[in-house]
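The tour goes from the whole chain down to side chains.

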Amino acid sequence: RMWISCLVWLMPFFRIILGNVTGLFINYDLLFTKRGRSRVPWGLSILWCLCMWGVLLGSIPWAMEAIEITKKYLEKGITAEL
(Lines give C-alpha, C1' and ligand atoms only; values in the text may rest on other atoms or scores of the structure.)
Protein backbone atom coordinates (compact mmCIF):
# COMPACT_ATOMS: atom_id res chain seq x y z
CA ARG A 1 0.00 0.00 0.00
CA MET A 2 2.98 2.27 0.22
CA TRP A 3 2.94 2.64 -3.57
CA ILE A 4 -0.41 4.44 -3.28
CA SER A 5 1.13 7.21 -1.19
CA CYS A 6 4.01 7.44 -3.66
CA LEU A 7 1.57 7.91 -6.54
CA VAL A 8 -0.36 10.54 -4.59
CA TRP A 9 2.85 12.50 -3.91
CA LEU A 10 3.79 12.38 -7.59
CA MET A 11 0.68 14.30 -8.61
CA PRO A 12 1.82 17.75 -7.40
CA PHE A 13 5.49 16.88 -7.96
CA PHE A 14 5.04 16.55 -11.71
CA ARG A 15 3.28 19.89 -12.02
CA ILE A 16 5.44 21.88 -9.62
CA ILE A 17 8.94 20.53 -10.27
CA LEU A 18 8.98 18.76 -13.61
CA GLY A 19 6.58 21.20 -15.27
CA ASN A 20 8.82 24.17 -14.52
CA VAL A 21 12.04 22.38 -15.44
CA THR A 22 10.52 21.21 -18.71
CA GLY A 23 9.22 24.73 -19.38
CA LEU A 24 12.68 26.21 -18.90
CA PHE A 25 14.23 23.60 -21.16
CA ILE A 26 11.66 24.17 -23.92
CA ASN A 27 12.11 27.96 -23.67
CA TYR A 28 15.87 27.61 -23.93
CA ASP A 29 15.65 25.19 -26.84
CA LEU A 30 13.13 27.21 -28.84
CA LEU A 31 14.60 30.65 -28.25
CA PHE A 32 18.34 30.23 -27.77
CA THR A 33 19.57 27.20 -29.70
CA LYS A 34 20.30 27.19 -33.40
CA ARG A 35 18.34 23.98 -33.91
CA GLY A 36 15.28 25.33 -32.11
CA ARG A 37 15.33 28.63 -33.99
CA SER A 38 15.72 26.89 -37.35
CA ARG A 39 12.84 24.44 -36.82
CA VAL A 40 10.20 26.76 -35.34
CA PRO A 41 9.57 30.35 -36.45
CA TRP A 42 10.45 32.98 -33.84
CA GLY A 43 6.90 34.34 -33.47
CA LEU A 44 5.46 30.87 -32.98
CA SER A 45 8.15 30.08 -30.40
CA ILE A 46 7.20 33.17 -28.41
CA LEU A 47 3.51 32.25 -28.59
CA TRP A 48 4.17 28.67 -27.49
CA CYS A 49 6.34 29.83 -24.59
CA LEU A 50 3.72 32.33 -23.41
CA CYS A 51 0.96 29.72 -23.61
CA MET A 52 3.07 27.15 -21.81
CA TRP A 53 3.89 29.49 -18.94
CA GLY A 54 0.26 30.58 -18.80
CA VAL A 55 -0.76 26.98 -18.18
CA LEU A 56 2.01 26.42 -15.63
CA LEU A 57 1.28 29.60 -13.70
CA GLY A 58 -2.47 29.09 -13.99
CA SER A 59 -2.16 25.67 -12.39
CA ILE A 60 -0.60 27.02 -9.18
CA PRO A 61 -3.95 26.94 -7.31
CA TRP A 62 -4.48 23.33 -8.42
CA ALA A 63 -0.98 22.37 -7.29
CA MET A 64 -1.53 23.95 -3.87
CA GLU A 65 -4.85 22.11 -3.55
CA ALA A 66 -3.19 18.83 -4.56
CA ILE A 67 -0.54 19.32 -1.88
CA GLU A 68 -3.21 19.95 0.77
CA ILE A 69 -5.18 16.86 -0.31
CA THR A 70 -1.99 14.82 -0.17
CA LYS A 71 -1.17 16.07 3.34
CA LYS A 72 -4.67 15.26 4.60
CA TYR A 73 -4.54 11.84 3.00
CA LEU A 74 -1.17 10.98 4.53
CA GLU A 75 -2.16 12.31 7.98
CA LYS A 76 -5.20 10.02 8.07
CA GLY A 77 -3.19 7.05 6.95
CA ILE A 78 -2.85 5.06 3.80
CA THR A 79 -6.10 3.14 4.30
CA ALA A 80 -8.21 6.30 4.64
CA GLU A 81 -10.43 7.41 1.79
CA LEU A 82 -9.96 10.75 0.09
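How many helices and strands does the protein chain have? Colour by secondary structure: the protein chain shows four helices and zero strands. Helices (H or I, at least four residues) and strands (E, at least two) are DSSP runs, numbered from the N terminus. Along the sequence the pattern reads α-α-α-α.

A note before zooming in. This is a predicted model, where local features need pLDDT of at least 70 and side-chain atom pairs count only at pLDDT 80 or more, while totals for chains, interfaces and linings use all residues. Residues are numbered from 1 along each chain as its sequence is written, and side-chain values use heavy atoms, with hydrogens and water left out.

The protein chain exposes about 6300 Å² of accessible surface (Shrake-Rupley method, 1.4 Å probe; for residues, only the protein chains shown count as cover). Carbon and sulfur atoms hold 71% of that area. Of the 82 residues, 26% count as buried. Buried means under 20% relative accessible area, exposed over 50%, and partly exposed in between (1.4 Å probe, protein chains only).

Next, draw contacts (heavy atoms within 4.5 Å). Among those between residues at least 6 apart in sequence, 65% join residues at least 24 apart.

Now select helix 1, residues 2-32. Show Y28 and F32, four residues apart, about one turn of the helix. Which aromatic pairs does a search of the whole structure find? It finds one. The ring centres of Y28 and F32 are 6.1 Å apart with planes at 35°, so the pair is tilted. Rings of Phe, Tyr and Trp (its six-membered ring) pair if their centres lie within 6.5 Å; planes under 30 degrees apart count as stacked, over 60 as edge-to-face, the rest as tilted.

Last, colour both by accessibility. Y28 is partly exposed at 47%; F32 is exposed at 58%.
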